[in-house]
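Subject: Handover of a structure, with notes

Dear colleague,

Please find the sequence and the structure below.

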Amino acid sequence: VQGDGAPKLQPADVSIDVPHFLPDEYVTAQDAKLDVYRRLSRAESQGDIDALRAELRDRFGPPPPPAEAMLALASLRVGGGSLGIEGILVRGDEARVNFRETAVPRMKGLSAAFHDVQFQAEVRRARPLSLKLTRLGGGSMLEGLVRALKAVG
């Protein structure tokens, strides 16, 4: 229970089908690696994740694909949680996005954001909302999801 009365962010449960970790050749020190994982698990805002990405870039250079995927997963957990998303499942060029029972998603904003990243959104269930997304073009599924959720949030 939080003392300030503000509800604690309930992060989305995110499952992705690409490797998402810090490679040993990118971050060689085990303690530095554990620190990054700990900070990512505690991140409560996109700002926290962006700051960590900038720090990684400064200390170790541009993040390789598994590290970028790890940061994207963290962004989806936090961004999805703030939008009332319970779970996100990413498999190849498709994703399933399930909202919490209590969520009141803004469909117009979601549709526009998904359209902008070249995703087709199909409603699988209305209450609680469940969407199936199919990537039609543009960047990767992960990259597009992160951009779309940032645009809506």
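The second largest pocket has a volume of about 160 Å³. A pocket here is an open set of points on a 1 Å grid over the protein atoms alone, where a 1.4 Å probe fits and protein lies on both sides within 12 Å along at least five of seven lines; lining residues have an atom within 4 Å of a point. Grid points are joined across faces, edges and corners, and a volume is the space filled by probe spheres set on the points.

Before going further, please note that this is a predicted model, in which local features need pLDDT of at least 70, side-chain atom pairs count only at pLDDT 80 or more, and totals for chains, interfaces and linings use all residues. Residues are numbered from 1 along each chain as its sequence is written, and side-chain values use heavy atoms, with hydrogens and water left out.

**The pockets**

The lining of the second largest pocket consists of Glu44, Ser45, Gln46, Ser75, Leu76, Val78, Gly79, Ser82, Val146, Leu149, Lys150 and Gly153. Helix 3 gives the most to this lining, with 5 residues; helices (H or I, at least four residues) and strands (E, at least two) are DSSP runs, numbered from the N terminus. By class, the lining has 4 nonpolar, 6 polar and 2 charged residues. In this scheme Ala, Val, Leu, Ile, Met, Phe, Trp, Tyr, Cys and Pro count as nonpolar, Asp, Glu, Lys and Arg as charged, and the others, Gly among them, as polar.

The largest pocket has a volume of about 290 Å³. It is lined by 18 residues, and the closest to its centre are Ala72, Ser140, Met141, Leu142 and Glu143. Helix 5 gives the most to the lining of the largest pocket, with 6 residues. This lining divides into 8 nonpolar, 2 polar and 8 charged residues. Helix 3 and helix 5 each supply at least two residues to the lining of the largest pocket, and each also supplies at least two to that of the second largest pocket.

**The packing of the helices**

How do helix 3 and helix 5 meet? The axes of helix 3 (residues 65–82) and helix 5 (residues 141–152) come within 10 Å and cross at roughly 35°. Axes are lines fitted to C-alpha atoms, for helices over the stretch in contact, and angles run from 0 to 180 degrees between N-to-C directions. The crossing of helix 3 and helix 5 is left-handed. A crossing is left-handed if the near helix is turned anticlockwise from the far one by less than a right angle, and right-handed if clockwise. Helix 3 makes the contact through Ala69, Ala72, Ser75, Leu76, Gly79 and Gly80, and helix 5 through Leu142, Leu145, Val146 and Leu149; contact means heavy atoms within 4.5 Å. This contact has 7 nonpolar, 3 polar and no charged residues.

Helix 5 also packs with helix 4 (residues 107–116), at an angle of about 145° and with the axes 9 Å apart. Helix 4 passes helix 5 in a right-handed crossing. The residues in contact are Gly109, Leu110, Ala113, Phe114 and Asp116 of helix 4 and Leu145, Arg147, Ala148, Ala151 and Val152 of helix 5. By class, they are 7 nonpolar, 1 polar and 2 charged.

**Individual residues**

Lys33 is found in helix 1 (residues 30–42). Lys33 counts as buried because its relative accessibility is 5%; buried means under 20% relative accessible area, exposed over 50%, and partly exposed in between (1.4 Å probe, protein chains only). Leaving aside neighbours within four places in sequence, Lys33 is in contact with Leu22, Pro23, Asp24 and Val27.

Lys132, in strand 5, is buried as well, at 18% relative accessibility. Not counting residues up to four places away in sequence, Lys132 touches Glu94, Ala95, Arg96, Gln120, Ala121, Glu122 and Arg124.

Arg57 lies in helix 2 (residues 46–60) and is partly exposed, with a relative accessible area of 40%.

The peptide bond from Arg127 to Pro128 is cis, with omega near -20°, and Pro128 is placed in the loop between strand 4 (119–125) and strand 5 (130–135). Gln118 is not a glycine, although it has a positive phi of about 65°; its place is in the loop between helix 4 and strand 4.

Yours sincerely
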